[in-house]
Amino acid sequence: MSADLLEPSMKRLRAALDMLEAAVERRARQEGARADAGEELALMQDDRARLATELDTALDRNRGLLAANMEAAKRVERAAATIRAILGRSGGAAED
C-alpha cells in the first residue's frame, strides 16, 4: 500500500530530474555558444586592429609616394624649362 502512495511522488521526482537535466543541457549549450561568440569577437577585434595598422602603413606609404611624385614633377618641369631655355638660345644663335 505504501508503494502505491510513493509512486506519484517518484513520478514527480523523475519528471523534476528530467526537467533539471534538460535545463542543465540547455545552459551548457548556451555557455558554449557564448564562449564561441566571445572567441569570434576576440578574433574580429584582432583582425580589426591588424587591418587598422595595415591601413595606417598604406596611408603613410601613399603620402610618401605623393610627395615623391610631386618632387619628381617639379624636377621634370625644371629640366624641361632648362631644355627650352637652351633650345631657345641655340635657336636664336642660329638666326644670328
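Helices (H or I, at least four residues) and strands (E, at least two) are taken here as DSSP runs, numbered from the N terminus. The model is a predicted one, so local features need pLDDT of at least 70 and side-chain atom pairs count only at pLDDT 80 or more, while totals for chains, interfaces and linings use all residues. Residues are numbered from 1 along each chain as its sequence is written, and side-chain values use heavy atoms, with hydrogens and water left out.

On that basis the chain comes down to one helix and zero strands. Its radius of gyration is 41 Å, well over the 12 Å that the globule rule gives for 96 residues, so the chain is more spread out than a compact globule. (That radius is taken over C-alpha atoms, and the rule is 2.2 Å times the number of residues to the power 0.38.) The C-alpha trace spans about 140 × 15 × 5 Å along its principal axes. As one example, Ala35 and Ser9 sit 26 residues apart in sequence and 38 Å apart in space, C-alpha to C-alpha.

Ala35, which has its place in helix 1, is partly exposed at 39%. The accessible surface totals about 8,600 Å², with 61% of it belonging to carbon and sulfur atoms; areas come from the Shrake-Rupley method with a 1.4 Å probe, and for residues only the protein chains shown count as cover.

Then there are the charges. A salt bridge is a side-chain nitrogen of Lys or Arg within 4 Å of a carboxyl oxygen of Asp or Glu, and by this rule there are nine. One of them pairs Asp60 with Arg63, the closest N and O atoms being 2.7 Å apart; both residues lie in helix 1, three residues apart, about one turn of the helix. Salt bridges that share partners also join Arg27, Glu31 and Arg34 into one network. Within it, Arg27 and Glu31 have their closest N and O atoms 3.3 Å apart, and they lie four residues apart in helix 1, again about one turn. Arg27 counts as exposed at 51% relative accessibility, whereas Glu31 counts as partly exposed at 34%. Arg84 and Glu77 also meet in a salt bridge (3.1 Å, N to O), and Glu77 is partly exposed at 46%.

Note on methods
Buried < 20%, exposed > 50% of the residue type's maximum accessible area, 1.4 Å probe, protein only.
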